[in-house]
Amino acid sequence: MELTSEFKFHAAHSVKIGDKSEPVHGHTFKLQITVEGKPDEEGFIVDFTKFKKLITEKIITKLNHRNLNEIFPQPTVENIGLWVFKELKEPVHNFGCKLKEVRVFETDSDWVTVREDDL
Ligand SMILES: [Zn+2]
């Protein structure tokens with residue numbers, strides 16, 4: 001069974017394209033974190049309160065209202081997604097489930113999906 005939780009953060013970035021950099025601009029990024037597991041005897045895949053706290057502390061507070069160029073050399077959604085997956089993989093495993101998929105949306109119509117094989 002899979003469970004997905006959605007988060008948002010506001011951040012600015014400027015991506016290098018060839019030898020040029022885009023003007024700095026902002027997005028409301030959307031993040032979808034999907035975990036896989038079996039519900040326990042209480043009927044939960046993961047303790048939702050702990051799960052949300054983990055993602056807020058490890059990801060959202062680090063990216064929200066920041067200039068992403070100060071964190072990533074090249075802040076594309078691809079690179080953000082890879083970083084999110086790496087940051088969450090072990091802690092999610094410690095919750096007794098598997099990190100299945102990380103989605104990072106730059107807009108409602110543009111997003112990346114990162115899975116284990118992409119690391
Ligand atoms: Zn952008």
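Predicted model: local features only at pLDDT ≥ 70, side-chain atom pairs only at ≥ 80, totals over all residues.
Residue numbers start from 1 along each chain as its sequence is written.

**Overall picture**

- The chain has two helices and seven strands, and along the sequence they read β-β-β-β-α-β-α-β-β. Helices (H or I, at least four residues) and strands (E, at least two) are DSSP runs, numbered from the N terminus.
- At 119 residues, a compact globule would have a radius of gyration near 14 Å, and the chain agrees with its 15 Å. That radius is taken over C-alpha atoms, and the globule rule is 2.2 Å times the number of residues to the power 0.38.
- Along the principal axes, the C-alpha atoms fill a box of roughly 55 × 25 × 25 Å.
- Take the contacts between residues at least 6 apart in sequence: 68% of them join residues at least 24 apart. A contact here is a pair of residues whose C-beta atoms, placed from the backbone, lie within 7 Å.

- Five strands make an open sheet in the order 5-1-4-6-7, with mixed pairing. Its edges are strand 5 (66-67) and strand 7, each pairing on one side only. Two strands pair if DSSP finds at least two bridges between them.
- Strand 1 (residues 2-13) runs parallel to strand 5, with two bridges, and A12 sits opposite N67 of strand 5.
- Strands 4 and 6 are antiparallel and share seven bridges; I33 has V102 in strand 6 as its bridge partner.
- Strand 6 also pairs with strand 7, again antiparallel, over five bridges. A hairpin of two residues links strand 6 to strand 7, and F105 stands opposite W111 of strand 7.

**Helix 2**

- Helix 2 covers residues 77-94, so 18 residues, and spans 26 Å from first C-alpha to last, close to the 26 Å expected at 1.5 Å a residue. That expected span is 1.5 Å times one less than the number of residues.
- There's a kink of about 35° at L88, shortly before the proline P91. The bend is the angle between axes fitted to the seven residues ending at a residue and the seven starting there.
- Its buried residues are V77, I80, G81, V84, F85, L88 and V92. As a reminder, an α-helix has 3.6 residues a turn, so residues three or four places apart point the same way.
- Covering those buried residues are, among others, strand 4 (25-36), helix 1 (48-63), strand 6 (98-107) and strand 7 (110-114).
- Just past the end of helix 2, G96 adopts a positive phi of about 85°.

**The core**

- The largest nonpolar core has 21 residues, and L31, I33, V84, F85, L88, V102 and V104 touch the most other members. Strand 4, helix 1, helix 2 and strand 6 each supply at least two residues of this core, and helix 2 gives the most, with six.
- A nonpolar core is a set of buried Ala, Val, Leu, Ile, Met, Phe, Trp, Tyr and Cys residues joined through C-beta atoms within 7 Å.
- Setting aside neighbours within four places in sequence, L31 contacts E6, F7, I59, V84, R103 and V104.

Key:
Buried ≥ 20, exposed ≤ 12 C-beta atoms within 10 Å, placed from the backbone. Contact = placed C-beta atoms within 7 Å.
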